[in-house]
Amino acid sequence: MAHRNTDRIRRRRFLKATGGTIAVGSAGLAGCLGDEEEPDPMDADDDPADDDPAEEPDEDPYANYPEDTVQWVVPYGTGGGFDLYSRFAAEHMPEFLPGDGEIVVENLTGAGGQRGAEEIYRADPDGYTLGIYNIPGMIASQFLTEVEYDVDEMSWIGTFNQAQYGILVPADSEYETLEDLQEADEISWGGTGPGATSSLVTFIAAEELGIPSDFVFGYEGGEEARAGMLRGEVDARMNDFPAAESFVRDGEMRFIVALSADPPDWIDAPTVVDEGYDDLAELGLSFMATAPPGIDDELQEVLSDAFLDALDTPEAQEFAEDTDRPINPLGPEETRQAVEAASGLVDQYQDTLEEHMN
Amino acid sequence: MSELVSAFLIALDVVLSWPTFAFVVLGTLIGMVFGAIPGLGGVIALALLIPITFGMDSTWAMVLFGATVGGVAFGGSISAILINVPGTAPNAATLLDGFPMSQEGRAAEALGAAATASALGAIFGLVIFIALIPVAQRIILSFTQPEFFWLAIFGLTIIAVVSRGNLFKGIIAGGFGLMLAMMGYGHVIAEVRFAFGTQYLFDGVDLVVVLIGLFAFAEVLHMIVKGGTIAESGEAVTDRRGVFKGAKEVVTRPTLFFRSSATGVLVGAIPGAGGTIATFISYMQAQQASDDPESFGTGNIEGVIASEATNDAKDGGTFLPTFVFGIPGGSMTAVLLGALTMHGLNPGRELLGENLHILFMLLLALLGANILTSSLGLLSANHLSKLTRVEVDRLVAPIVVVCFVGAYALRLSLIDVAVALLFGFIGYAMIVFDYSRIALVLGLILGPIAERSFLMSLQISDSGYLIFFTNPISIVLIILTITALVLPIIQSRRRSEGVS
C-alpha cells in the first residue's frame, strides 16, 4: 500500500519538475528567439544629416561609416586561415574608415561553412554585416548541394590571397616527376573529404593530367592527411603551399609539380605551365572578403579602399610572415572576375565532381 | 642536450619575472572558472582568448594560453566531484567515485586527492613529454588507421567497466550513443545521415551540448526531485583533516599514481582519440589492479586518483602530436594550435628548435597553473565542500543559468540550448532507470573514431581486411581488449571460489 503511494508521489514530483522546467524554459527561450537571426541592430536609415535641415541630405551618407559595430562573419572556426585573415582585417580596416565603429569577428560554424555563408547572404546590405567566403569551395557547394546563398549575387570587397596548390609527396617517395605519376598503376590521394577545395583541385587536376587515382577521405584536417602520407597510408596529397612550407624546408616532403604560374622561391619543382597545362595554374583557394548582395556602389568603394589600404601596410607584411599566410590582394573588380572564372571552372567539371561526390 | 637546458632556463627566467607571472595567474583563474563551469571548458576559454591576444606580445600570450590549459584540468574536477557534472569530458571518470564520496560527506577528501593527483600528474606528464620529444615522430607515425580503430574498440570495452554489473543496460546505453554518433555528415562516405533535412543536424549532435544536458540538466532535475542536500551522510568536517587525508592518499600510492600518469601521457600522445579516453582507460586499469574492485563506483578514492592523475598527465601527452606535427591531440589542442599559429609559432622543427624556449614558456606556464590551481584547490576544498551541505533548491537556479550560458556560448545557437534541455530529460530518465550515461558518452565519442578509422583502413587497403592484423601495435591492442573483457570474469570467478 505504502509503495503505491510513494510511486504516486514520485511520479507527481517528476511531472512537476519536468513540467515546471519546460514552462520556465520556454518562457525564457521565447524571449530570446526573436533576436537570434539579427545582426547588429543598426538602423542604416538613421542618417545624422537628416537632423540638420541646413545640410544637404544626400551629401556622402557614408561620411561617418561605420557609426556602430560591424559584424564580420567567419563561416569557419577560430584559428584557421579564414579566421586569421578576418581578424587582421577587423583590426586594421577601421583605421581607414571614416567612422568610429569597430569591426568584430564572429565565428558561425556549421555545415562545412554553409551556415556562415548563408548568414552573410541574408543580412541587410547596410554595411554592418561583412564576411569572408571560400572560393571555389562555396561555389562547389552551391552547384552540387542545396544552399541558400548565391555566389553571383554577393558584393565582393576584395581578395586576401589565393592559396595555390602543388602535388606533395614524402621526401623518400618513389615518385619523382609528373611522368612517374602518370605512368603509375594508381596514385592514392589523402584528403579530408570530397567537398574540400584541395579535393576539388585534385579531381580536376588528376583528370587533366591523366593520373590514375584513388582517394582516401576522412582525415580530420590537412595536418593529419600529411601525417598519413608520411606513415605510408597514401601516396600523395594536393597541398596548398603555405601549409607545406615548413615540411618542405625541413626536407621531409617535396612538391612534384606546382599548380601555379609563379610559385614561391622555396619550391624547387616544375610548374604546370612548364609541363604544358596552363589552365591548371588558375586553380587555388581564394580567401575573399564579401558583403551581402545589393550594397550601395559608394559603400562598396569605401569598403574596398579601406580593405586594400589595410593590406598594404607594414603590419600586413608582419602578419603574413608570422602566420605563414601570404597576402596578395586583389581589388573588387578582379575579385568578381575571379569568382566568375571559378564558377565557369566548376560548371565545366560538374560531372566529374558529381561523380566523385557519390 | 645543452640546448634543452638553456632553453628551459631562459623560459624559467621569463615566466617567473613580472609582469609575465601575472599572466600565469590570470590564465590560471580563467582556466579554473571555465573548467569548473559545465560545458565551457578549455576549448571555449582559448577560443575567447585568441581574439583578445591578437595584438598582444607573444610571450605573454603563450604564457596566458599555457596557464589557461593548466587551470582547466583541475577546474573540471571540482564540478565533477561536487555536483556529479563533468566540467569537461575526461572529468567524467572522476565523478564515478568522486561524487559518491561527496554523497558520503567526504567531498573535501576527494577534492584533496584530486588536487594533489592533478598537480603531480601534470609535472610527470611534462617531464615525460620533454623526454619523448626526440622520439616523438616515431611514436606518432607508428599509429596508422587500423590501430586507431582497435584503440576505439578498446575504449568501448570500458563501457563494460562503467556499467557496474549490469552489462546489458550498459550496452544499450552505449548503443544509443553510437546511434547518435551516426547522425550528420560522414566525411568518409560524403553523405549526410539522419539529419532529417535540417541544417542543424548536418554536423550531428555536439558532444558538449549532450554533456551539458545529460549530466548538468539531468542532475538538476534529479536534485529538484530528490531534495535535501548532496551529502547524505557523514559528519560535517570542519577542519582541514579531510583535505590532507585525501592528499596523503595520493602520496601513499605511488604505483597507482605512476601507472595512471604513464597511461595518461602515452594514450594522450595518440592523436585524436587519446585525450578523452585516457582517463577511462586509467580508471579501468586501477579497478583491475585493485584488491577491492567491487567498491569502484561507490566512493573508492583510488578511482579519483587514477582519473585525475591521468587527466593532467595526458595534456603533456597530447602536446606531442600537436607541437611536432600540428596534429591536434584533442579539441582543446586544436584551438591552441590556432592560437600558436596566430602568433607566428608553427609546429615542427622550428618550434622544437630555435623557438624551443617559447615552447618551454608555455609548458612552464601550464605547470605553474597546475600547481596554482591545485594549491587553490587544497586551500578552498573545505569551503567548496560546504556546497554539498547546502539545500539543493539553492543550487539549482545558478547551475541552470550557467548551463544555458555554456550551451549557447558554444556556437551561438539557441537550438543547442534546446537540445541540451532535451538531453537533460533523457539523462534524468537514465538516472531513474539506472542506465550509465557515461556509456552513452563513450559510444558518442568513440563511434565516429571507430567508423572513420575502419572505413579509412579499408580505403587504404583497397578493401582488404588483412590490414587490421598486420601491425604489431594492432595485435597488442586486440590482446588488451580481450583481456579487459575477460579479466573481470576471471577475477569474479576466482573470488567466488576463494569464498567457498
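In the predicted model, the contact between the two chains draws 51 residues from chain A and 46 residues from chain B. Together, chain A and chain B bury about 4,200 Å² between them, and 62% of this area lies on carbon and sulfur atoms.

Between chain A and chain B, 4 residue pairs are in polar contact, with both partners at pLDDT 80 or more. The side of chain A that touches chain B receives two or more residues from each of the helices α1 (2–33), α3, α4 (114–122), α8 (222–230), α9 (241–249) and α11 (314–323), and from strand β7 (213–217), of chain A. Helix α1(A) supplies the largest share of that side, namely 9 residues. Classified by residue type, the side of chain A that touches chain B comprises 20 nonpolar, 13 polar and 18 charged residues.

In one salt bridge, the side chain of Glu220(A) meets that of Arg452(B) at an N to O distance of 3.8 Å. This pair crosses between chains: Glu220(A) is located in the loop between β7 and α8 of chain A, whereas Arg452(B) belongs to helix α19 (residues 437–460) of chain B. The side chain of Arg452(B) also forms a salt bridge with that of Glu224(A), with an N to O distance of 4.0 Å.

Within chain A, an open sheet of 5 strands is present, with the order β2-β1-β3-β10-β4 and mixed pairing. Its edge strands are β2 (103–107) and β4 (155–163) of chain A, each of which pairs on one side only. Neighbouring strands of the sheet are turned against each other by 25° on average, direction ignored. In general, the strands of a sheet pair through backbone hydrogen bonds, in either a parallel or an antiparallel manner. Strands β3 (residues 129–135) and β10 (residues 285–291) of chain A run antiparallel and are joined by 5 bridges. Opposite Tyr133(A) stands Met288(A), which is part of β10(A).

Helix α3 (residues 81–92) of chain A lies across β1 (70–74), β2, β3, β4 and β10 of chain A, and runs at about 165° to β2(A). Helix α3(A) is also among the elements that give two or more residues to the side of chain A that touches chain B.

Definitions and conventions:
Residues numbered from 1 in each chain as written. Chains lettered and ligands numbered in written order. Predicted model: local features only at pLDDT ≥ 70, side-chain atom pairs only at ≥ 80, totals over all residues. Heavy atoms only, no water. Pairing = 2+ DSSP bridges. Helix = DSSP H or I, 4+ residues; strand = E, 2+ residues; numbered from the N terminus. Axes fitted to C-alpha atoms, helices over the stretch in contact; angles between N-to-C directions. Contact = heavy atoms within 4.5 Å. Buried area = accessible area lost by both parts, 1.4 Å probe. Polar contact = N/O pair within 3.5 Å; in protein donor to acceptor, adjacent residues only side chain to side chain. Nonpolar A, V, L, I, M, F, W, Y, C, P; charged D, E, K, R; others polar.
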